Amino acid sequence: GGQPVAVLEGHTDAVRSVALGGAHPRVVTGSHDTTVGVWDWALEKPEQAMLRGHSSRVTSVRLSPDDSKVLSGSADNTAKLWDLRSGQCEATLEGHSDRVKEAVLADPYLWRFVTSSYDTTLRVWD
């Protein structure tokens with residue numbers, strides 16, 4: 001007890017958000033360095049992928065129930081849906097006039113999302 005079993009390094013600025021996988025030993029992080037980090041902490045040496053596409057700090061990350069997709073929110077006023085198998089951005093949700101504070105999967109089976117923003121609005125997406 002009291003000692004970390006893994007140290008996940010790779011971001012170049014503060015880590016702002018973290019989500020844990022349920023189906024896989026996966027950790028997803030959002031950072032002020034504008035990237036979404038994907039980590040498999042069950043390996044003796046953690047593997048990582050850095051998903052790049054936001055132009056400002058990542059404020060929120062959420063995993064789908066099967067751990068195949070990540071929804072990220074950012075201070076660039078957008079949210080992005082990422083496919084973890086390919087590492088590609090599948091969709092960019094644009095419409096907020098200020099930073100996205102949170103991005104959540106409202107109904108992961110219908111792929112419905114909710115974002116909250118400093119522009120004082122919530123947006124529901126599908």
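Predicted model: local features only at pLDDT ≥ 70, side-chain atom pairs only at ≥ 80, totals over all residues.
**Entry 1: salt bridges**

I looked up Lys69 and Glu90 and found their side chains joined in a salt bridge, 3.0 Å from N to O. I took a salt bridge to be a side-chain nitrogen of Lys or Arg within 4 Å of a carboxyl oxygen of Asp or Glu. Lys69 lies in strand S6 and Glu90 in strand S8 (residues 88-94), so the pair ties together parts that are 21 residues apart in sequence.

Residues are numbered from 1 along each chain as its sequence is written, and side-chain values use heavy atoms, with hydrogens and water left out.

I then looked up Lys69 with Asp83, whose side chains also meet in a salt bridge, at 3.5 Å from N to O. Here strand S6 (residues 69-74) is tied to strand S7 (residues 78-83), because Lys69 lies in S6 and Asp83 in S7, 14 residues apart in sequence.

Which of these residues are buried? I set buried at under 20% relative accessible area, exposed at over 50% and partly exposed in between, with a 1.4 Å probe and protein chains only. Lys69 is buried at 12%, and Asp83 is buried at 12%. Glu90 is partly exposed at 42%.

I also noted Arg99 and Asp98, which form a salt bridge with their closest N and O atoms 3.5 Å apart. Arg99 is partly exposed at 30%, and Asp98 is partly exposed at 27%. Through shared partners, salt bridges join Lys69, Asp83 and Glu90 into one network. The count of salt bridges comes to 4.

**Entry 2: the sheet S5 to S8**

I traced an open sheet of 4 strands in the order S5-S6-S7-S8, with antiparallel pairing. Two strands pair if DSSP finds at least two bridges between them. Strand S5 (58-63) and S8 stand at the edges with a single partner strand each, so one side of each has no neighbour in the sheet. S6 and S7 pair in the antiparallel sense over 5 bridges. Leu71 has Leu81 in S7 as its bridge partner.

I found strand S1 (residues 15-20) paired with S2 in the antiparallel sense over 5 bridges. The two form a hairpin with 5 residues between them, and Val18 has Thr29 in S2 as its bridge partner. S2 and S3 are antiparallel as well, over 5 bridges. Their hairpin has 3 residues between the strands, and Thr34 in the turn has a positive phi of about 80°. Val28 stands opposite Val38 in S3. Strand S2 (residues 26-31) has 5 of its 6 residues buried, so it is largely enclosed by the rest of the structure.

**Entry 3: the largest pocket**

Which strand gives the largest share of the lining of the largest pocket? I found that S4 does, with 4 residues. Strand S3 (35-40) and strand S4 (47-52) each supply at least two lining residues. The lining includes His24, Arg26, Val38, Trp39, Glu47 and Leu84. A pocket here is an open set of points on a 1 Å grid over the protein atoms alone, where a 1.4 Å probe fits, with protein on both sides within 12 Å along at least five of seven lines; lining residues have an atom within 4 Å of a point. I noted a volume of about 170 Å³ for the largest pocket, a volume being the space filled by probe spheres set on the points, which are joined across faces, edges and corners.
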